[in-house]
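Hi,

Here is the structure I promised to pass on. Have a look, and below it you'll find my notes.

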Amino acid sequence: MTTTTDTMPSFLDAWQNPRTFDAVCHVLQRRPRRLVLERTHFPGNRPVHLVLRADMADGSFKTLFAEHCPHDTRAHADQARASLFKSRNGQRSGLNDRAIHVVDGSGLILRRPGLDERLPGLRLLHDPSFARERFQNLIGRDPGRFDVELVAHRLGKRAVLRATLPDRTFYVRLRVIKSNDGQDRLLRHRTLWNNLGDQSDLRIPEPLGSMPEIGASFFEVLPGVMPEFHSAHSAATARAIASLQGMSLDGLPVHTGGDEAAILLEWLARCYSWKPQLAVRLAEPVAEVSAALARSDAPRRPCHRDLHEKQILISGGVAGLLDFDTLCLSDPALDAGNLLAHLFLSGINEGPLRFQLKARGIALWRRAALFRLAMICAFSAAPDAAVDRLIKEARRDARD
């Protein structure tokens, strides 16, 4: 069956189609109280990918993915099923009529998290014998009774599993295996780990090993609690950022102000395609911020580049940082600006952390992050007031 964009709604409308809600009820075998669009991903030459949250009557929620394939919808779904059914992917046990489901007349394919033809490492979640063999190779003994659960999943890109054994727990990060990208990221993480001293103000998860053939890297659990960003936690976070940026690390990719500007302009182009009124409103201030970023010339230091409050754990007065996939050399103000913008988005008082951060140019990088977050939120079910709040704050930053 071939479908065309002439008869299909856009992805912004398709997820709100009553047929989509009915299909979600079928996939979950329960009727949600409501369906929410949490995030829209634009993965290059692959279909637009929606992250849907189904809020249930008992207060729980379920996450579903929806790929928007207005051309050859059923053919795309059939191809995904066929790939997952192959023995080398090892995810066959998770397949049923609800795992990959076409929503008629919408161009959407609903998909359950934890199944992904591009991530063969998810076999650890579906094949206990395979997982036992791999865990035995990792720890050098039979793991005994164990449990594997899905922690996070970005369709077609990455996933995180948690493996719980009788005497220990560790995490497994999965990436696609068609390049050396996962191994390069692990090497950078290991280099960072090896450069940390016992008395460092920064902690990171200990790397345990890797299995490149399934795109898996293994990490020890990092203890701690999420920061409350009062004075002590803010000071610990600032010390961790300073420790990272004080290291001499070779071979890191470079992320310039021009690179950050390109990301902003890419989001602006998406707004022109799907949210033209927002694009017109943002065109001038985004252009100004992008030009300022392109002119920035601060000495480059190691940066996390995806630092937000959920990437930080506090233990014993020391901050630990998670997920160094985007570790790079960049303007030292990048991490501070990005973190402050995320605190504003979450309604967390930035004051104590602002007081601790000293890098020049933080306001510029915070403005850039606020505009980016506003455009990301515009492609979700976030109310217009939430998007407007981010834009107004970014504009206020420019006047201060």
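First, a bit of bookkeeping: two strands pair if DSSP finds at least two bridges between them. Helices (H or I, at least four residues) and strands (E, at least two) are DSSP runs, numbered from the N terminus. This is a predicted model, so local features need pLDDT of at least 70 and side-chain atom pairs count only at pLDDT 80 or more, while totals for chains, interfaces and linings use all residues. Residues are numbered from 1 along each chain as its sequence is written, and side-chain values use heavy atoms, with hydrogens and water left out.

**Overall**

The chain comes to 13 helices and 15 strands. Its C-alpha trace spans about 60 × 55 × 40 Å along the principal axes. Of the 400 residues, 52% count as buried (under 20% relative accessible area with a 1.4 Å probe, protein chains only).

**Strand 14 and its neighbours**

Strand 14 (residues 318-321) is covered on both faces: Val318 and Gly320 are buried on one side, Ala319 and Leu321 on the other. Strand 13 (residues 312-315) runs antiparallel to strand 14, joined by four bridges, and leucine 313 sits opposite glycine 320. Their hairpin has two residues between the strands, and glycine 316 there takes a positive phi near 60 degrees. Strand 9 (residues 202-203) pairs with strand 14 too, in the parallel sense over two bridges; leucine 202 has alanine 319 as its bridge partner.

**Another hairpin**

Strand 10 (residues 207-211) and strand 11 (residues 216-220) are antiparallel, with four bridges, and serine 210 stands opposite serine 217. Four residues lie between these strands, and glycine 215 in this hairpin has a positive phi near 70 degrees.

**Helix 12**

Helix 12 (residues 362-378) has 16 of its 17 residues buried, so it is largely enclosed by the rest of the structure.

Cheers

How values were computed
Buried means under 20% relative accessible area, exposed over 50%, partly exposed in between (1.4 Å probe, protein chains only).
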